[in-house]
Amino acid sequence: MRAALLAFLALAALAGASREEAEDEEEQAGRFSTPEQHRCNWELRRAAGGSELRLSCRAPAGGAARTCAYRGEPRRCPAYAARRRHYWRQILARLRRRRDPCARGGPLSARPCGPGRAPPEAQLRLLPPPGPAPTTQPAPGPDQSVCAERWHSLCSFFVGFWEG
């Protein structure tokens, strides 16, 4: 009797885990607006080893849509497995508060997966825009790798300010 109960519980746990994995693999999409009235569409996709959040934002005056993507490995955060939906709600809330969600800024992370609570790979980082490689060498600036992950957003602000 006890062995049958244990086998039943094990099967139920496996079924629940596979259901969660299938739910996690579903692509999700939606819309939001920023304080500057940019209207953005978002799409969440699985990427190699992580997740990719693609954005397409249109300025309030119209014009061409600006697209960008953030990529990271939120599964490396211990809190992500328990509260996936909460994680993505917090990420989208942070993007909603930005004046331009596709503008260069610090990495995105949900509160339970922030710096010091999860490895840096768990944070979502803005991918460089697709296109031809620049023909000129960028001006030498401070190497951002000297910025500790904990201070990355502040450091990138000063580096961006310094570079103009």
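Three disulfides are found in this structure, which is a predicted model. The protein chain has 164 residues, and 29% of them count as buried. Its three helices and five strands follow the order α-β-β-β-β-α-β-α from the N terminus. Let's start with the disulfides, then turn to the aromatic rings and the charged pairs.

**Disulfides**

- Cys40 and Cys57 form a disulfide with their sulfur atoms 2.1 Å apart. The torsion about its S-S bond is about 115 degrees, so this disulfide is right-handed. The pair links distant parts of the chain, with Cys40 in strand β2 (residues 39–47) and Cys57 in strand β3 (residues 50–58), 17 residues apart.
- Why do Cys40 and Cys57 count as buried? The cut-off for buried is under 20% relative accessible area; Cys40 has 1% and Cys57 has 3%, so both qualify.
- Cys68 and Cys102 form a disulfide too, again with 2.1 Å between their sulfur atoms. Here the torsion about the S-S bond is about -75 degrees, so the disulfide is left-handed. Cys68 sits in strand β4 (residues 66–72) and Cys102 in the loop between α2 (84–97) and β5 (125–126), so the pair ties together parts that are 34 residues apart in sequence. Both Cys68 and Cys102 are buried.
- A disulfide also joins Cys77 to Cys113, at 2.0 Å from S to S. With -80 degrees about the S-S bond, the link of Cys77 and Cys113 is left-handed. This pair connects distant parts of the chain: Cys77 belongs to the loop between β4 and α2, Cys113 to the loop between α2 and β5, and they are 36 residues apart. Both Cys77 and Cys113 are buried.

**Aromatic rings**

- The whole structure holds three aromatic pairs. In one of them, the rings of Tyr80 and Tyr87 have their centres 5.1 Å apart and their planes at 85 degrees, so the pair is edge-to-face.
- Tyr87 also pairs with Trp88, again edge-to-face, at 5.0 Å centre to centre and with 85 degrees between the planes.
- Through these ring pairs, Tyr80, Tyr87 and Trp88 are linked into a cluster.

**Salt bridges**

- Side chains of opposite charge can pair when their charged atoms come close. The structure has seven salt bridges.
- Arg99 forms a salt bridge with Glu36, and the closest N and O atoms are 3.3 Å apart. Arg99 lies in the loop between α2 and β5 and Glu36 in the loop between β1 (28–33) and β2, so the pair ties together parts that are 63 residues apart in sequence. Arg99 is exposed, with a relative accessible area of 61%, whereas Glu36 is partly exposed, with 34%.
- Asp100 forms a salt bridge with Arg66, with 2.3 Å between the closest N and O atoms. The pair links distant parts of the chain: Asp100 is in the loop between α2 and β5 and Arg66 in strand β4, 34 residues apart. Arg66 is partly exposed, with a relative accessible area of 41%.
- Glu121 and Arg76 meet through their side chains in a salt bridge of 3.6 Å, N to O. Glu121 lies in the loop between α2 and β5 and Arg76 in the loop between β4 and α2, so the pair ties together parts that are 45 residues apart in sequence. Glu121 counts as partly exposed at 35% relative accessibility, and Arg76 counts as partly exposed at 46%.
- Salt bridges that share partners join Glu52, Arg54 and Arg71 into one network.

- Among contacts between residues at least 6 apart in sequence, 46% join residues at least 24 apart.
- The protein chain exposes about 11500 Å², and carbon and sulfur atoms supply 56% of that area.

Technical notes:
Residues are numbered from 1 along each chain as its sequence is written. This is a predicted model: local features need pLDDT of at least 70, side-chain atom pairs count only at pLDDT 80 or more; totals for chains, interfaces and linings use all residues. Side-chain values use heavy atoms; hydrogens and water are left out. Helices (H or I, at least four residues) and strands (E, at least two) are DSSP runs, numbered from the N terminus. Buried means under 20% relative accessible area, exposed over 50%, partly exposed in between (1.4 Å probe, protein chains only). Contact means heavy atoms within 4.5 Å. Accessible areas come from the Shrake-Rupley method with a 1.4 Å probe; for residues, only the protein chains shown count as cover. Rings of Phe, Tyr and Trp (its six-membered ring) pair if their centres lie within 6.5 Å; planes under 30 degrees apart count as stacked, over 60 as edge-to-face and the rest as tilted. A disulfide is a pair of cysteine sulfur atoms within 2.5 Å. A salt bridge is a side-chain nitrogen of Lys or Arg within 4 Å of a carboxyl oxygen of Asp or Glu.
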